[in-house]
Every structure is written in C-alpha cells, then in structure tokens.
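Dear colleague,

I am handing over the structure we spoke about, with its sequence, so that you can look through it yourself. Please keep it open while you read the notes that follow.

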Amino acid sequence: MIGGGVSSEVVKCIEEWVPGDHDDESGFQDELQNYLDERLNESDNADMHVGLGGSSGEQFPVRVEHGKSRADVAVGEEVGIELKYNLTNNRVYELKGQIDTYRKEYPCVVAVACGLSDKGRWREIQNEYGGMGTVGMNQSEVHFIHKQSEHFGKDPSEVRDDSDGFLGEGGLL
C-alpha cells in the first residue's frame, strides 16, 4: 500500500461502514462524509491507530465535492472517493473516467458502489486497475468497495457476508 496511514484507515472505515437506506447518491455521500469525519477525528474513538485523529491531535478534513476533480468525498489531499448509487454497467464506464481523473490528484482513490445491478463489469474494471501503478509521474492506489443494497439500514452487528468479505465486497489493488 502506497499511502499507508490515512489511506489504509479510510479504506478500513469504508469497508466497515454499513450505509443507511437512501433514495439518492447525495444521501449516501453525506452519510459517508459524516461517518469518516467521526471515525477519523473523534478523540474518544478507541479503535483508531496511533497517529490518526484524536490520538495525535492532527485532524483530517473530510469534504464533499472537493478538489479539482470534485471528488464525491475527500479526506485531506490524500484520499479521493467516488461513490455510485445503484451502479449499472453503463455507468461503470463513467466511473473508470472518474478514477483516472482522481488518480492525477490523490495518492489513494476509492470507488464505492452502493448497490450494483451486475457484478460482471464491476469485476472487469477492478481487473483493469490490477496491473496499473502509475499515472504519469504520480503513483496512486485504487480500491473498490461494494456495499450490498440488502444491507442498507441494518445494524452493523447484523451484517455478515463471508462470500464477498466483511460487510460487502472490498478489493485492494
């Protein structure tokens, strides 16, 4: 993992996140922003690693529609997150272009699908980034995390899905 620290903690947090049930992408986006801000910056969060958030005094700004690429959610200048709601195969091509744009700005890019209509193209795009490590002179890592719609709004303790990994489908590339 290139970024370590903040980027690995952000990926871990997103993997553990169980979204509420929303009617549109902006609802998921706002919820993810609030969730990450709380997890990364609250000093009483006992499970955070040393050096993040309250443990070191350093704070991590979590913003929506941030940067030149207008990342759906961004953590500082380190992590750009593109979130898609009910991702269809046609919109996967749009996602690929956004990932390429984010890679020019952020050392770590996370694509989050809150619901998928078909996993085939999602898996193909993961494979496309499997062998890539650079864009120009900038190195960046790309992560893919799928949040299954049948889990939306559930208590995290109720959600276990070993077929796709903990709390959904996560992938590190």
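The protein averages a pLDDT of 80, and 76% of its residues score at least 70. Please bear in mind throughout that this is a predicted model. Where pLDDT is low, the predicted coordinates should not be read in detail.

Next comes the overall layout. The secondary structure of the protein comes to four helices and eight strands, and from the N terminus on these elements run α-α-β-β-β-α-β-α-β-β-β-β. Of the 173 residues of the protein, 46% count as buried. If you take the contacts between residues at least 6 apart in sequence, 66% of them join residues at least 24 apart.

You could then turn to the start of the chain. Helix 1 (residues 5-16) has 12 residues and reaches 17 Å from its first C-alpha to its last, which is close to the 16 Å expected at 1.5 Å a residue. Its buried residues are Val6, Ser7, Glu9, Val10, Val11, Cys13 and Ile14, and they pack against helix 2, strand 2, strand 3, strand 4 (108-116) and strand 7 (141-147).

Helix 2 (residues 25-41) contains Glu31, a residue that deserves a careful look. Glu31 is buried yet has no salt bridge, and the nearest side chain of opposite charge, that of Lys147, is 9.7 Å away. Leaving aside residues up to four places away in sequence, Glu31 touches Trp17, Val18, Pro19, Gly20 and His22.

Other charged side chains do find partners, and the structure holds 11 salt bridges. One of them joins Arg70 to Glu65, where the closest N and O atoms are 3.7 Å apart. Arg70 is partly exposed, with a relative accessible area of 46%, and Glu65 likewise counts as partly exposed, at 32% relative accessibility.

A further salt bridge is formed by the side chains of Glu94 and Lys84, at 2.7 Å from N to O. This pair links distant parts of the chain, since Glu94 lies in helix 3 (residues 89-103) and Lys84 in strand 3 (residues 79-87), 10 residues apart. Are these two partners buried or exposed? Glu94 counts as partly exposed, at 40% relative accessibility, while Lys84 counts as buried, at 2%; the cut-off for buried is under 20% relative accessible area.

The side chains of Lys96 and Glu128 also meet in a salt bridge, at 3.8 Å from N to O. Here too the pair links distant parts of the chain, with Lys96 in helix 3 and Glu128 in helix 4 (residues 119-130), 32 residues apart. Lys96 is partly exposed, with a relative accessible area of 23%, and so is Glu128, with 31%. Salt bridges that share partners join Lys96, Asp100, Arg121, Glu124 and Glu128 into one network.

That brings us to helix 4 itself. Helix 4 has 12 residues and reaches 17 Å from its first C-alpha to its last, close to the 16 Å expected at 1.5 Å a residue. Which of its residues are buried? In helix 4 they are Arg121, Trp122, Ile125, Gln126 and Tyr129. These residues cover an arc of only 145 degrees around the axis, and therefore lie on the same side of helix 4. Lys119 also lies in helix 4, where it is partly exposed, with a relative accessible area of 27%. Lys119 and Thr88 are 31 residues apart in sequence, and their C-alpha atoms are 9.0 Å apart in space.

Definitions and conventions:
Residues numbered from 1 in each chain as written. Heavy atoms only, no water. Salt bridge = Lys/Arg side-chain N within 4 Å of Asp/Glu carboxyl O. Buried < 20%, exposed > 50% of the residue type's maximum accessible area, 1.4 Å probe, protein only. Helix = DSSP H or I, 4+ residues; strand = E, 2+ residues; numbered from the N terminus. Expected span 1.5 Å × (residues − 1). Arc of directions from axis to C-beta. pLDDT = per-residue confidence, 0-100. Lys, Arg positive; Asp, Glu negative; His and termini not counted. Contact = heavy atoms within 4.5 Å.
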